[in-house]
Amino acid sequence: MKINIPNIKEIKKLSAKINKYTLRTPIIRCTSLEEKLNSETEVFAKLEFLQQTGSFKYRAALVALKSLSRDKLKNGVVAVSAGNHAIATAYAAKIVGTSAKVIMTPSANPSRIASCKSYGAEVTIAEDIHHAFKIAENLQVKEDRFFVHPFEGPSVAFGTGIIGLEICEQINNFDCLIIPVGGGGLIGGLSNAVKQINRSVEIIGVEPTGANSMHKSFKSGYPESLDGHMNTIADSLGAPFAMPYSFNLTKKNVDRLTLVNDLQLKKAMGLLLHTMKIAVEPACAASTAALFGPLRKSMKGKRVILFMCGSNIDWSSFYQNAIFENVS
């Protein structure tokens with residue numbers, strides 16, 4: 001499939017255009033994680049969870065809405081999400097002065113629902129993710145709302161590509177970038193930008209074992225859907241299917257994929273609070289879980305960047321999930 005690939009010059013122009021609405025999130029050296037690894041690995045983290053709305057999703061949502069005419073915006077927008085994309089769309093809609101309706105699933109954290117409402121969005125809870133997409137499609141037709149896709153299309157790739165550009169501007173010498181994978185919008189756009197700047201960087205995607213649509217897609221060579229329900233605490237990574245644009249961009253630029261299970265995610269959440277004093281959602285801990293799990297040996301002696309994507313979780317949910325133990 002031939003796709004329109006955002007080039008780095010276009011990404012730079014767009015970055016300059018929207019930077020007044022976004023934060024340039026920091027990259028930090030994680031010496032406390034290095035001490036736990038004890039493997040001569042240099043570990044850095046891109047703290048994108050410090051972005052407006054608490055996740056990377058805001059950049060892509062803002063790019064999508066900023067590309068619309070006033071006439072197209074007048075009827076509002078609609079989004080489907082377990083939380084982060086819904087929050088991001090609600091806030092981006094507020095920024096550009098339009099209305100938002102967000103369709104969420106029963107697993108949506110109450111604090112995320114509250115965040116959406118605080119930005120003025122109307123929230124509907126669907127039976128499941130498949131039903132959520134049907135509701136959104138109906139709203140597109142009946143109310144002529146613009147559908148802000150959570151992970152598919154050029155707008156997403158441009159938005160996440162800006163993060164890739166930012167990373168390479170902040171630290172121009174690194175060996176590997178480890179990125180959580182849901183539908184592929186993040187890793188597809190991010191890897192596309194990074195590879196245009198430095199082809200030698202190894203880019204590794206991390207999926208939960210209970211939501212591995214990208215693994216299935218890589219194996220078959222085509223975008224695949226998951227059978228039945230997702231089974232992972234990392235609901236932000238629980239995309240029910242891969243789609244052509246994000247899949248092909250990911251397939252083109254990502255060197256390999258790996259899997260982590262819920263136990264590894266829980267331990268990584270506890271480790272990050274214990275060592276770095278940050279409380280993040282399970283999806284955000286996926287890159288750390290992979291580094292301390294399946295990627296530990298292969299990352300030895302390398303300069304690694306962990307992508308930390310979101311922190312929209314309340315204390316009660318965090319302590320129900322995080323496992324606190326020393327990881328050696």
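Me: Which residues gather in a patch of positive charge on the surface?

Reply: They are Lys17, Lys20, Lys66 and Arg70. One note before we go on: this is a predicted model, where local features need pLDDT of at least 70, side-chain atom pairs count only at pLDDT 80 or more, and totals for chains, interfaces and linings use all residues. Residues are numbered from 1 along each chain as its sequence is written, and side-chain values use heavy atoms, with hydrogens and water left out.

Me: Why is Lys66 called partly exposed?

Reply: Buried means under 20% relative accessible area, exposed over 50%, and partly exposed in between (1.4 Å probe, protein chains only). Lys66 has 31%, so it is partly exposed. Lys66 lies in helix α3, residues 57-66.

Me: Which residues form a nonpolar patch?

Reply: Trp315, Tyr319 and Phe324 do, with about 380 Å² of accessible area together. Such areas come from the Shrake-Rupley method with a 1.4 Å probe; for residues, only the protein chains shown count as cover. Tyr319 has 47% relative accessibility, so it counts as partly exposed. Tyr319 lies in helix α14, residues 315-321. Helices (H or I, at least four residues) and strands (E, at least two) are DSSP runs, numbered from the N terminus.

Me: How do you know that Glu143 and Lys101 meet in a salt bridge?

Reply: A salt bridge needs a side-chain nitrogen of Lys or Arg within 4 Å of a carboxyl oxygen of Asp or Glu. For Glu143 and Lys101, the N to O distance is 2.8 Å, so the pair meets the cut-off. Glu143 lies in helix α7 (residues 129-143) and Lys101 in strand β4 (residues 100-104), so the pair ties together parts that are 42 residues apart in sequence.

Me: Are these two partners buried or partly exposed?

Reply: Glu143 has 30% relative accessibility, so it counts as partly exposed. Lys101 has 14%, so it counts as buried.

Me: What makes Arg112 and Asp235 a salt bridge?

Reply: Their side chains meet at 3.3 Å, N to O. Arg112 has a relative accessible area of 3%, so it is buried. Asp235 has 22%, so it counts as partly exposed. Salt bridges that share partners also join Lys46, Glu48, Arg59 and Glu166 into one network.

Me: How many salt bridges does the structure hold?

Reply: The structure holds 14. One of them joins Glu48 and Arg59, whose closest N and O atoms are 2.8 Å apart.

Me: In what order do the four strands form an open sheet?

Reply: The order is β5-β4-β3-β6, and the pairing is parallel. The edge strands are β5 (122-125) and β6 (146-147), for each pairs on one side only.

Me: How do you know that β4 and β5 pair?

Reply: Two strands pair if DSSP finds at least two bridges between them. β4 and β5 have four bridges, in the parallel sense, so they count as paired.

Methods: Patches are made of residues with over 30% relative accessible area and no salt bridge: like charges are joined within 9 Å, nonpolar side chains (Val, Leu, Ile, Met, Phe, Trp, Tyr) within 5 Å. Lys and Arg count as positive and Asp and Glu as negative; His and the chain ends are not counted. The place of a charge is taken as NZ of Lys, CZ of Arg, CG of Asp or CD of Glu.
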